[in-house]
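Dear colleague,

Here is the structure I promised to pass on to you. Please look through it first, and then read the notes below beside it.

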Amino acid sequence: MMGDQKGGAVQEKLSLKGESLSPRQIVAELDKYIVGQKKAKRAVAVALRNRVRRLKLDPEIREDITPKNILMIGPTGVGKTEIARRLAKLAGSPFIKVEATKYTEVGYVGRDVESMIRDLMAVGFQMVKQEMQEKVKEEAAKRAEEALLDLLLPGTGKKPRDLKPKSKAAPVVRPFSFNNPGEPGIMGAAIQVGFPVLKQISDSGAAEGEKEGEPVREAAAEVKDNETREKFRTMLREGKLEDKTVEISVSQSPQFPGMDMMAGMGDIGTSLSEFMSAFGGSQKNKVLSVRRAREVLINEEAEKLIDWDRVSEDARQRVEETGIVFIDEIDKIAVKGQRGGPDVSREGVQRDILPIVEGATVNTKWGPVNTDHILFIAAGAFNISKPSDLIPELQGRFPLRVELDSLGEDDFLQILTEPKNALTKQYVGLLGAEGIEINFTPDAVKRLASLAAEVNSRLENIGARRLHTIMEALLEELSFEAPDMAPAVVPITAEYVDEKLSGIIKDQDLGRYIL
C-alpha cells in the first residue's frame, strides 16, 4: 500500500514535465541546445521515457524494473555533460554532476562515494523547498506586510479590545461577627479585603466613575491607530516607503569554521554540525531598508508555513524515483592492463561505486535514500584506457554504451548559429549591453568554424570548447575598447576574422596562442 502511494505521488510530480514528452519530443528539445549526437540523445530519451512508463505499472512489477544506466564514450567537448544536464531539466529531476577522480577508496583520506547520494538528496530537498515556498508565497507576503507595519508603527497591530467594560468581581462583604467563632473577626476581614478597609470603601465610587471613561478613550485611540495603519499600508503597497529603514531581528545560525575539513569523513562532519546547530542560533538586530526587510520577512514567514516533514519526504521520493547522477571522468579510474600495482586505489574506487550503482541504502540527514531506481550516466573520453579496463561488475551495471562523434567544421557552424544559447548570440548580447552592435556575416561564421576544426586537427581535440578560445581571441580587443567607443556598429566579416587571427593562422606552433 505504501509503495502504491509512493509511486502515485512521484507520478503526479513527473506529469508536469516528463510524462507528456515522447522520446521524439525529448530529442527535439535536446536539439535546441546540442548539435549532433543523435545516438546519445535517443538513448537518454528512451531512458527517461521508461521511467515514466514504470511509474504507471502496478507496485509489484514496478519495483523489479530498474533503470538501464548509460555509459557515454567520446572526446571532451562533444556534449556529454550538456546532454545529461538538459535531460534532467526537462524531467524536473534532481541532478548532480560528479567527477570520479574526486573519490577515494574506503580507508583513504578524501570523499567517500556515498557523498554523491547525499549531495543529490540536498539538491532534491532544495528543489522541493523552492516549490513549497512558491505555494505559500502569497500568504507569506501578507504576513510580512503586517510585520512591516508593526515595525513602522509599533503598537498599532494589537487586537481591538472589547468596548464593553469587563465587570470586576467585587469582594464578598459579610457582616462582622463578634460571637460566631466560625466567621472572621474585624482584623481577619480587613486582611481579606485589603487594609485600610474604610478608605477602600470610601474611594470605590470615585474609582468606578473614572474606569467608565477608559473604554471610550481606548476605542477612540484604536480607531485612530487603525486609520494610520491603513494609510501606511497604502503607502507601503504603492512603494513610497521602500527607502525607509527599519530594525529587524534576524536569526543567525551558528557558524563553525573548519566543518568543510570534515567533508571526507562521511556523515560525521554533517552530524556534528547539526548537533551544534541544535542549540539554536542567536538573534541579531539589523537596520535594513523596507525593500530588503520585506524579502527577509517573506523568507522567514514562508519557512514558518512550510511543512518540513513533507518537504523531506517528497524530496526523498523524488530522488529515489527520478534522480540522475552524472559520473564524469570515469575513464580516469579505469586500470589499464593487469590489475594491481600502483593503480590499485583506482580499482578500489570502482569497487566502492559498484554497490551504489547496483542499489544500496545511503543514510542522509533527511533520512535513508535507496539508489535502486536512480539513473546513473557515466562518461569518459577513454583515449588512454578503454571501457573493458573497468571491473567487469561495473561494466555490467552500464549496459547501454553510446559513442559520441567528434565534431567537425559543419558541426561547429551549427553550434555557432543554431542553438538557443549559440556563442554568436551570447557575444551579441554581451557587447550590446555596452552599446556596441556587432553583426556576424555568414562568411565570418563559416571562417570561424573552419579555423576551429583546423586547430583541433593540429592540436589536442577539445571539441566545441575550441570555439570559446577562438571567439575570445577574435573579440578581445573589441571587448576591451567597448566602453570607450560606444555607441557603435561593428560588422564581423571574414576579413575581420583573418585580420584579428592572422598570427594564429600563419604560425605553425598554434599551441602558443590557443591552449
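**Cores and aromatic rings**

Of the 59 residues in the largest nonpolar core, those that touch the most other members are Ile-377, Ile-438, Phe-440, Leu-448, Leu-475 and Ile-492; such a core is a set of buried Ala, Val, Leu, Ile, Met, Phe, Trp, Tyr and Cys residues joined through side-chain atoms within 4.5 Å, where buried means under 20% relative accessible area, exposed over 50% and partly exposed in between, for a 1.4 Å probe and protein chains only. A second, separate core has 56 residues, including Val-128 and Ile-391.

Please keep in mind that this is a predicted model, in which local features need pLDDT of at least 70 and side-chain atom pairs count only at pLDDT 80 or more, while totals for chains, interfaces and linings use all residues. Residues are numbered from 1 along each chain as its sequence is written, and side-chain values use heavy atoms, with hydrogens and water left out.

There are two aromatic pairs, counted when the ring centres of Phe, Tyr or Trp (its six-membered ring) lie within 6.5 Å, with planes under 30 degrees apart called stacked, over 60 edge-to-face and the rest tilted. The rings of Phe-125 and Trp-308 are stacked, because their centres are 6.1 Å apart and their planes at 20°. Phe-125 is buried, at 13% relative accessible area, whereas Trp-308 is partly exposed, at 30%. Phe-125 also stacks with Trp-366, with centres 5.0 Å apart and planes at 25°, and Trp-366 is partly exposed at 22%. Together, Phe-125, Trp-308 and Trp-366 form one aromatic cluster.

With best wishes
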